[in-house]
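Student: Pick a single part of this model and take me through it closely. Then place that part in its wider setting. Keep it brisk.

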Amino acid sequence: MAKKKTDQDVLFSLGEQLKLRVEGRVISPEGRLNFEEAGNFTLLVPRIIRGRKLRHVQISLADIKQIDSAGVMALYHVQRTMARRRISVELVNTPVSVEEKMLLFTTKDQLPERLTVQGGFLERTGEVVHHFFSSYIFGFLLLASNIFYWSFADLFRSSARRKGEVVNQSVLIGVNAVPIVVFLSFVIGFVIALQSSGQLKSFGANIFVVDLVVISIMSQMGPLITAILIAGRSGSAIAAEIATMKVTAELDALKTMGLNPNRFVIVPKLYACMLTMPFLIVLANVAGMTGGGLAANLYLDITPEIFMNRMGDIMRNKDLFTALIKSQVYAALIVLTGSFYGLRVERGAEGVGRVTTVAVVVSITLVILADSILGIVFY
Amino acid sequence: MKKEKIIEVNDLYAAFDSLTVLSGVSFSAYQGEVTVILGGSGSGKTTLLKHLLGLYPIMGGRISILGKDLAQLREVEQVELYHKMGVLYQSGALLGSLTVAENVALPLSQHTKLPPELISDIVYMKLGLVNMAHAYHLYPSQLSGGMLKRAALARAIAMDPPLLFCDEPGAGLDPVSLESLDQLILNLKNQLGMSIVLVTHEVPSILRVANRIVFLDQGQVAFEGPLKEAMHSKHPAVSAFFSVLKNEHVRELVR
């Protein structure tokens, strides 16, 4: 901002397009008062007024060549901020072209205040706790009861189901997950055996690697790894699909066609997940033990025959039975959590991303919590 | 006085896979006029609009907007051109994670150096122009279809663009709101000298605001010219459309 002194007046050059001539208590902007210049104008004019300790100012608009909405708002802005300091700013010599714009770009009153009621600490705490119980715990239970009701009611009523949907979902949730589940379980089984081989070797207890691998994979790692993978893979997909359906009003469309969205969209996913999860866990167990057997053979010289014989001795039916129960609990948790968060979506595209993330985090947390509870129950 | 050409389309061709959508489309839009792009469903209106907005690559022909050839623009030049264009999308296309005010403020805060208080004043005034000042702090998900559209228009005109594109602005609006929207469009044209390109089917709207009609039929321009001439066009598709229009107009007069 260059300042140039002449005999009576001062000329301020704001940008390339606007100059301010100040004569006594008259400020005359010359040039274009537009988006580029309005910011400087609102900063400089109050500074000039305060610097000269003026109480009454006139802004002469005669030399304004062009003005746009930012320029008009800048004039009003200066008037309003000065009025707060009891300085009157009068707009004079307004050409018709400028006046037209000022009539078009006018604000009637003050900005509306954001409506927020801030309560005290206890009030806010109570609100948070109440919100958590009413919308999360109660909402989740309500959805779960509704879905379980329909899944039982429709179990033997194939006419109520969408044709081919359970198979379709089983492929998406179960079959397509086979490669990743098998591969990761194999690697984990291999690593468990490998890590323990050094310790066991030093005690001459090589054969116990079989116990270690079989028990850890069968009762813990197999079901858990499978559930975490499915939660990440399919839990997110379920949440995103249902959230998008809600955002694009597809769920509303189903409802107004007389179809229950829970029954139509979520129940087939629940069937599919509960149906495929036990098979995935069995595959994960087999892959994990194969990996463990390979490591035992490579590092502890335990032949496959010895491994198989020992495995037969320590395998318990109870472990298989537990894995089956776990699979059903995990499947229900993953589908319900995904659906619950999908249905809670708000605010379009960004909301879909947010609920998908939360759904994955919550379903993995719930799976691990359920795993510890079931682990204690079936110990 | 000859008006300056603000949009010039020459022999535009567009196809999706083997389906030809536009072939040999040529027309012009002039400074300070409202040009209405008309045509039945599937006539290629949306494809043409998306080409004008530079959203589709040009397969054949030439589009020049504000004197710039769209196909020749570098990225920086295209962004500069976008600063001079406002677009009102059919669905509104407001960002769902921002409030209405933040949506309107977005171009102002990104492209200008205005202080925040002045930006919020401008936003409030622009929302007032479309009768949406009360929705300042609301989120798009809390608005009705018509309100969304008006808020989106406020965002489209946030930077006083010399050129405004509106895709079906009347869809979802009641007749009273539509009339005030048309009035606003006329004000933007008359007082700001804005050039406006409208894609619309609303008959009363066309009568109120249109200066120039571009009628698309099966991917070709069936008619281009002033509204009055369009109403007497001999082309079967155009005359069919305007015979409906005339009847409605007559009925309005009778009432």
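Tutor: Start with A:Asn297, which sits in helix H9 of chain A, residues 261-300. Helices here are DSSP runs of H or I with at least four residues, strands are runs of E with at least two, and both are numbered from the N terminus. The model is predicted: local features need pLDDT of at least 70, side-chain atom pairs count only at pLDDT 80 or more, and totals for chains, interfaces and linings use all residues. Residues are numbered from 1 along each chain as its sequence is written, chains are lettered from A and ligands numbered from 1 in the order written, and side-chain values use heavy atoms, leaving out hydrogens and water.

How open is this residue? A:Asn297 has a relative accessibility of 29%, so it counts as partly exposed. The scale has two cut-offs: buried is under 20% relative accessible area, exposed is over 50%, and partly exposed lies in between (1.4 Å probe, protein chains only).

Next, its neighbours. Leaving aside residues up to four places away in sequence, A:Asn297 touches A:Ile302, A:Thr303 and A:Pro304. A contact means heavy atoms within 4.5 Å. A:Glu123 is 174 residues from A:Asn297 in sequence, and their C-alpha atoms are 64 Å apart.

The chain-level numbers give the setting. Chain A is split into domain 1 (2-110) and domain 2 (156-378). These bounds come from an automatic or database domain assignment. The C-alpha centres of domain 1 and domain 2 of chain A are 69 Å apart. Chain A as a whole has a radius of gyration of 36 Å, while a compact globule of 379 residues would have one near 21 Å. That radius is taken over C-alpha atoms, and the globule rule is 2.2 Å times the number of residues to the power 0.38. Along the principal axes, the C-alpha atoms of chain A fill a box of roughly 110 × 60 × 45 Å.

What else does chain A hold? There are 12 helices and 7 strands. Of its 379 residues, 44% count as buried. Among contacts with a separation of 6 or more in chain A, 76% join residues 24 or more positions apart. Chain A exposes about 20300 Å², with 63% supplied by carbon and sulfur atoms. Areas come from the Shrake-Rupley method with a 1.4 Å probe; for residues, only the protein chains shown count as cover. Chain A carries 38 positive and 29 negative side chains, and the centres of the two sets are 4 Å apart. Lys and Arg count as positive, Asp and Glu as negative; His and the chain ends are not counted. Each charge is placed at NZ of Lys, CZ of Arg, CG of Asp or CD of Glu.

One backbone detail in chain A deserves a look. A:Ala249 is not a glycine, yet its phi is positive, about 65°. A:Ala249 lies in the loop between helix H7 (208-247) and helix H8 (250-256) of chain A. Its relative accessible area is 35%, so A:Ala249 is partly exposed.

B:Leu22 lies in strand S2 of chain B, residues 19-30. B:Leu22 has 0% relative accessibility, so it counts as buried. Its contacts beyond four places in sequence include B:Leu12, B:Tyr13, B:His51 and B:Leu216. B:Val221 is 199 residues from B:Leu22 in sequence, yet 9.1 Å away in space, C-alpha to C-alpha.

Chain B has 9 helices and 10 strands. Its radius of gyration is 18 Å, which agrees with the value near 18 Å for a compact globule of 255 residues. The C-alpha trace of chain B spans about 55 × 55 × 40 Å along its principal axes. Of its 255 residues, 53% count as buried. Chain B is divided into domain 1 (5-84 + 161-253) and domain 2 (93-160). Their C-alpha centres lie 25 Å apart. In chain B, 13 residues of domain 1 are in contact with 10 residues of domain 2.

B:Asn131, not a glycine, has a positive phi of about 60°. B:Asn131 is in the loop between helix H4 (116-129) and helix H5 (145-156) of chain B.
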